[in-house]
Amino acid sequence: MAHRAGRKEESRARILASAGRGFRKQGYGGLGIDALAKEAGVTSGAFYGHFKSKSAAFRDAVTAGLGELQRAILDLRATSGARWCRRLVDFYLGERLACDLSESCALQSLTGDVARADDDVREAYEAEFGKVVAAMADGLQGGSGKARRADALALLALLTGGVSLARAVKDQALGKEIAEAVRASALRITQHRLATPNGARKGT
């Protein structure tokens, strides 16, 4: 019985990962259940066996994607010391800007569709987004908790909005200009708020 349950969870995780890539690349309106199931290599019936609707699959893809971002921030904080935030900025405006849209950050690629989604999706998004904000704010130093939270929100908005704009324009030079402007602004925010995981201040 446990083996069967484990296989079911593996199947669900595989379908969810495939759906997440599909939603990132084509948007919520770009794929129906049949297409999502086909991309995952399962029947539509099998898809419904794990998710009661496309909206439910989208909600879970959003929460899974934001969970990945939270874990990435925590990992950088644990492994990169005082330079964790600078490295996050470089990664977001480098690899995450250049990768295929299907592999992009959920915060950047799915937020627009979340804004048009039902309350269930938006509530789930808000809960997971709060964890991302906390992970970033807790890695910053100086000022009050409210000030660090404000900087975390500003950084996330800059990075996700900047990547969205840079991806949207056809002119590569303009896209690079956008990314460089966002990077400069993001680093100004982090200049005095970089901290090691235990909170000891180090130079940037």
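Residues are numbered from 1 along each chain as its sequence is written, and side-chain values use heavy atoms, with hydrogens and water left out. Because the model is predicted, local features need pLDDT of at least 70 and side-chain atom pairs count only at pLDDT 80 or more, while totals for chains, interfaces and linings use all residues.

Reader: At what angle do the axes of α8 and α9 cross?
Author: Helices (H or I, at least four residues) are DSSP runs, numbered from the N terminus; α8 spans residues 119-137 and α9 residues 145-168. Axes are lines fitted to C-alpha atoms, for helices over the stretch in contact, and angles run from 0 to 180 degrees between N-to-C directions. The two axes come within 8 Å, and their crossing angle is roughly 115°.

Reader: Which term describes α8 relative to α9?
Author: Angles under 35 degrees count as roughly parallel, over 145 as roughly antiparallel, 65 to 115 as roughly perpendicular and the rest as oblique. The crossing of roughly 115° therefore makes α8, relative to α9, roughly perpendicular.

Reader: How many charged residues are in the contact of α8 with α9?
Author: Contact means heavy atoms within 4.5 Å. On the α8 side are Phe129, Val132, Val133, Met136 and Ala137, and on the α9 side Arg148, Arg149, Ala152, Leu153, Leu155 and Leu156. Ala, Val, Leu, Ile, Met, Phe, Trp, Tyr, Cys and Pro count as nonpolar, Asp, Glu, Lys and Arg as charged, and the others, Gly among them, as polar. The contact has nine nonpolar residues, no polar ones, and a charged count of two.

Reader: Is α9 roughly parallel or antiparallel to α10?
Author: The axes of α9 and α10 (residues 172-190) come within 9 Å and cross at roughly 175°. That angle makes the pair roughly antiparallel.

Reader: How many nonpolar residues are in the contact of α9 with α10?
Author: Residues of α9 in this contact include Asp151, Leu158 and Gly162, and those of α10 include Ile178, Val182 and Ser185. By class, four residues are polar and one is charged, while the nonpolar count is ten.

Reader: How many disulfides does the structure hold?
Author: A disulfide is a pair of cysteine sulfur atoms within 2.5 Å. The sulfur of Cys85 is 14 Å from the closest cysteine sulfur, in Cys105, so this is too far for a bond. The sulfur of Cys105 has its closest cysteine sulfur in Cys99, at 9.1 Å, also too far for a bond. The number of disulfides is zero.

Reader: Is Glu128 buried or exposed?
Author: Glu128 lies in α8 and touches Thr63, Leu66 and Gly67, not counting residues up to four places away in sequence. Buried means under 20% relative accessible area, exposed over 50%, partly exposed in between (1.4 Å probe, protein chains only). The relative accessible area of Glu128 is 15%, so Glu128 is buried.

Reader: How far apart in space are Thr160 and Arg96, C-alpha to C-alpha?
Author: Thr160 is found in α9 and is buried, with a relative accessible area of 14%. Not counting residues up to four places away in sequence, Thr160 touches Tyr92, Leu107 and Gln108. Thr160 and Arg96 are 64 residues apart in sequence, and their C-alpha separation in space is 10 Å.

Technical notes: Helices (H or I, at least four residues) and strands (E, at least two) are DSSP runs, numbered from the N terminus.
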